[in-house]
Amino acid sequence: MKGISITGLILLAISALLFYLTTDFTVEKITISHVMGVMAGIGIGLIIGGMIGYVSKGSAIKAEQQRREFKQLQKDKEELEKQAAIIAKREAELEYQNKNPQI
């Protein structure tokens, strides 16, 4: 959204400059070509804003997916560590039982 706002402000400044250079800000000199220019500027702004929005949304979705995958990997790692601890504990118990058989 920040990129869209900046793009809109730049296009607005360019259109104000062009309007000032062509009409000296007098309402009597406004013609249909000026209205067409304003509509074209709005169209260009919407197109550029849409492209920027599409790119930024795609980036945000990819970043969120990476965060989810990282969290899942952390959970898997914790589970594997717990399983490794249980296995090590069982092996230690078996070794203890093998060394000290009860008769």
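1. A salt bridge is taken here as a side-chain nitrogen of Lys or Arg within 4 Å of a carboxyl oxygen of Asp or Glu. Glutamate 64 and arginine 68 form such a bridge, with their closest N and O atoms 3.6 Å apart. The model discussed in this note is a predicted one.

2. Glutamate 64 also forms a salt bridge with arginine 67, where the closest N and O atoms are 2.8 Å apart. A search of the whole structure finds two salt bridges. Glu64, Arg67 and Arg68 are linked in a network of these bridges.

3. The spacing along helix H2 should be noted. Glutamate 64 and arginine 67 are three residues apart in this helix, so about one helical turn separates them. Glutamate 64 and arginine 68 are four residues apart in helix H2, which again means a separation of about one helical turn.

4. For residues 61-97, UniProt lists "coiled-coil region" in an unreviewed entry. In the model, the chain over residues 61-97 is 100% helix and 0% strand, and its end C-alpha atoms lie 54 Å apart.

5. Asp76, Glu78, Glu79 and Glu81 form a negative surface patch. One of these residues, glutamate 78, is found in helix H2, which covers residues 32-99. Glutamate 78 has 49% relative accessibility and so counts as partly exposed, the cut-off for exposed being over 50%.

Definitions and conventions: Residues are numbered from 1 along each chain as its sequence is written. This is a predicted model: local features need pLDDT of at least 70, side-chain atom pairs count only at pLDDT 80 or more; totals for chains, interfaces and linings use all residues. Side-chain values use heavy atoms; hydrogens and water are left out. Patches are made of residues with over 30% relative accessible area and no salt bridge: like charges are joined within 9 Å, nonpolar side chains (Val, Leu, Ile, Met, Phe, Trp, Tyr) within 5 Å. Accessible areas come from the Shrake-Rupley method with a 1.4 Å probe; for residues, only the protein chains shown count as cover. Lys and Arg count as positive and Asp and Glu as negative; His and the chain ends are not counted. The place of a charge is taken as NZ of Lys, CZ of Arg, CG of Asp or CD of Glu. Helices (H or I, at least four residues) and strands (E, at least two) are DSSP runs, numbered from the N terminus. Buried means under 20% relative accessible area, exposed over 50%, partly exposed in between (1.4 Å probe, protein chains only). UniProt positions are given in the numbering used here, feature names are shortened, and annotations may be inferred rather than shown by experiment.
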